[in-house]
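Please find below a colleague's note on the structure under review. The points are meant to be read with the sequence and the model in view.

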Amino acid sequence: MENLIDKRQIIARVTKISWERIWLHLELQITFAPGADRDSELSFFLVNGLFEPKAKLKVTQTDGDIYRMKVNITNPGTSLCLPQGTYSIIICQNQCQMAKAEVAESLVKHMSSASRNFLYGGRAKVYSVTFYVTEGDESLPFIMYVLAGGRTAISAPAVHTKKKFHLKQELKKKYSKINKPLKIDMYWAYRKKYKNKSKKPVIMFMSEQSTTISTNLKAVKDRMISRGMDKDYVIVESYRSSVTNPRMGLRSWMDTLRKMAMSDIIFLDDHAPVLDWLIVDKDTMIVQLWHAGAGFKSSGYSRWGHTGCPAPYGCHRQYKYGISGSRNISHFFSEVWGINDSQVLPTGMPRIDEFLDENYRKKKTKEIYEKFPICKNKKVILFAPTYRGTNKKNAHYPYELIDFGRLYELCGDEYVVLFKMHPWVADAVPVEEQYKDRFADASRYPNINDLFYFTELLITDYSSNIFEYSLMRKPMLFFAFDEIQYSFSRGFHRDYEESAPGKICHTFEEVLKAVEEKDFEYPKVEEYVEKHFDYIDSHACDRVIDWIILGQLPDFVKQDLEADAAVNRELETLDFKPV
């Protein structure tokens, strides 16, 4: 590529650096010399010290000579973190290098505060992004240094003493060193044995979070069978709870690894820890049918730098595709999984096919009225928040914040309240005997979606249950008493105040007042539905099957995939070496 930087036809200065979770936002001011080409498109590349372009910055807005752009440091388009290196920004036009970004003088003193450290690996490792300018250079060139490091000693050398020997800890270390390599070898031995041996394609439905099939996995599998596809495909299944029971026996591992090895497509319903360290054969397609429709709380790579965030490479990186409810929200999922937007297919959620089925609705409504007779001839308020805590072991909800007495009085003869706590919350809702004619604990009812059919008002917080409930086109309230703390500890992958489809209350007093005055800000529900659903029908399962299993991708998906592939091919072919 011809280098015209020294001609100074274009001067680019970074005037602003900011962060949005894992998105680095940059603002550049472009100055054109007299006679320079102002009409041809400009491209912006992050180029390392070896003159290799590792990312193409996405221009999000232009305002005169101000260019605003962004890059996801956990996935600049390659489904991998931006590699370690010392980066400059090179501006190109018509296949020529036109400028090397400098830093505006007003920004120099803020460069250090704009740098970020993202902790991961139990806070023992760090991915660091540091900004600075080169000393002794009058032009103040923009430099971004990316480094991945680990915990290291910073104190004076310790006096050598004899360490205590702990047999249990030593055995655990040795077991860990040989356990995973043996399982990896087992997988590849099975793969060699079974690859291309089956006359029919093998489809695997797999969960490492639950011992039973449910939600999207079940919906797609049942639809395959109802379409008679079990005659043309071999269907295998593996359902384990490796998160709560990490020490699976050898027989369990042999069974799961054998099925994984023989499969052409593996459908998951959530994060599978085995795929954090086992990289499957490139010919095996892994597809994420995540149960969450679209909530607020961050997970996966959206939580990069927070406690419990994933490692730079893990399970999510192996997905060929994931699914979402619409193209408008695909970027929420791609950010979580660290893959490209084009890989998130807007098929809709398979489990909603059943939810929208009128016969199913009539059947379940009848069953629920029988199970919760206090709901008959009443307006039902469903109180269904997410849990607090970091995992299943310490999940809880602060019931003391609920004024049960005031809520009971408010219900009067009009309302009853069902409490549906997150499945991880072990403690039952403390409903006293005198309140049981208007309150009921429905936490152990298996499918929250069934409860939506007769719910008049949903009270939640950050849960993804709003996704299905919005299709009822009924009001919601959001009891977000800990919004600030939650946003810091868990993080939101979108602005909570702007995105919540209903009124946000920060105290239970505000909740009671909103219910009494019927102040729900309902128009937000209609806006939410319009944005989050490309299809409101009962054919999401068919789209998953047709698009993914049968390979009948719509043209717009093919175009999006090709556009991303073209950018990566461009990065591989561009040469920034000085002539």
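The numbered points that follow concern a predicted model.

1. Six strands form an open sheet in the order 15-14-16-17-18-19, and their pairing is parallel. Strand 15 (234–239) and strand 19 are the edge strands; each has a single partner strand, so one side of each lacks a neighbour in the sheet.

2. Strand 16 (residues 265–268) runs parallel to strand 17, and four bridges join the two. Here Ile266 is placed opposite Ile286 of strand 17.

3. Helix 7. This helix spans residues 330–337 and is mostly covered, with seven of its eight residues buried. The buried residues are Ser330, Phe332, Phe333, Ser334, Glu335, Val336 and Trp337. Their cover includes strand 3 (23–32), strand 17, strand 18 (319–323) and strand 19 (344–345). After helix 7 comes Gly338, which has a positive phi near 70°.

4. Strand 4 and its burial. In strand 4 (residues 43–47), five of five residues are buried. Ser43, Phe45 and Val47 point one way, while Phe44 and Leu46 point the other way. In a regular strand, side chains alternate between the two faces of the sheet.

5. Partners of strand 4. Strand 4 is joined to strand 8 (residues 85–93) by five bridges in an antiparallel arrangement, and Leu46 has Ile89 as its bridge partner there. Strand 4 also pairs with strand 5 (residues 53–56), again antiparallel, over three bridges; in strand 5 the bridge partner of Leu46 is Ala55. Strands 4 and 5 form a hairpin with five residues between them, and Phe51 in the turn has a positive phi of about 65°.

6. Lys474. This lysine sits in the loop between helix 12 (466–469) and strand 24 (476–479). Is Lys474 buried or exposed? Its relative accessible area is 17%, which is under the 20% limit, so Lys474 counts as buried. The side chain of Lys474 reaches the backbone oxygen of Thr455 at 3.4 Å. Leaving aside residues up to four places away in sequence, Lys474 touches Tyr453, Thr455, Glu456, Tyr469, Tyr522 and Val525.

7. Ile279 belongs to the loop between helix 6 (274–277) and strand 17 (285–288). With a relative accessible area of 48%, Ile279 is partly exposed.

Conventions. Residues are numbered from 1 along each chain as its sequence is written. This is a predicted model: local features need pLDDT of at least 70, side-chain atom pairs count only at pLDDT 80 or more; totals for chains, interfaces and linings use all residues. Side-chain values use heavy atoms; hydrogens and water are left out. Buried means under 20% relative accessible area, exposed over 50%, partly exposed in between (1.4 Å probe, protein chains only). A polar contact is a pair of N or O atoms within 3.5 Å; within protein, one must be able to donate a hydrogen and the other to accept it, and residues adjacent in sequence count only if both atoms are side-chain atoms. Contact means heavy atoms within 4.5 Å. Two strands pair if DSSP finds at least two bridges between them.
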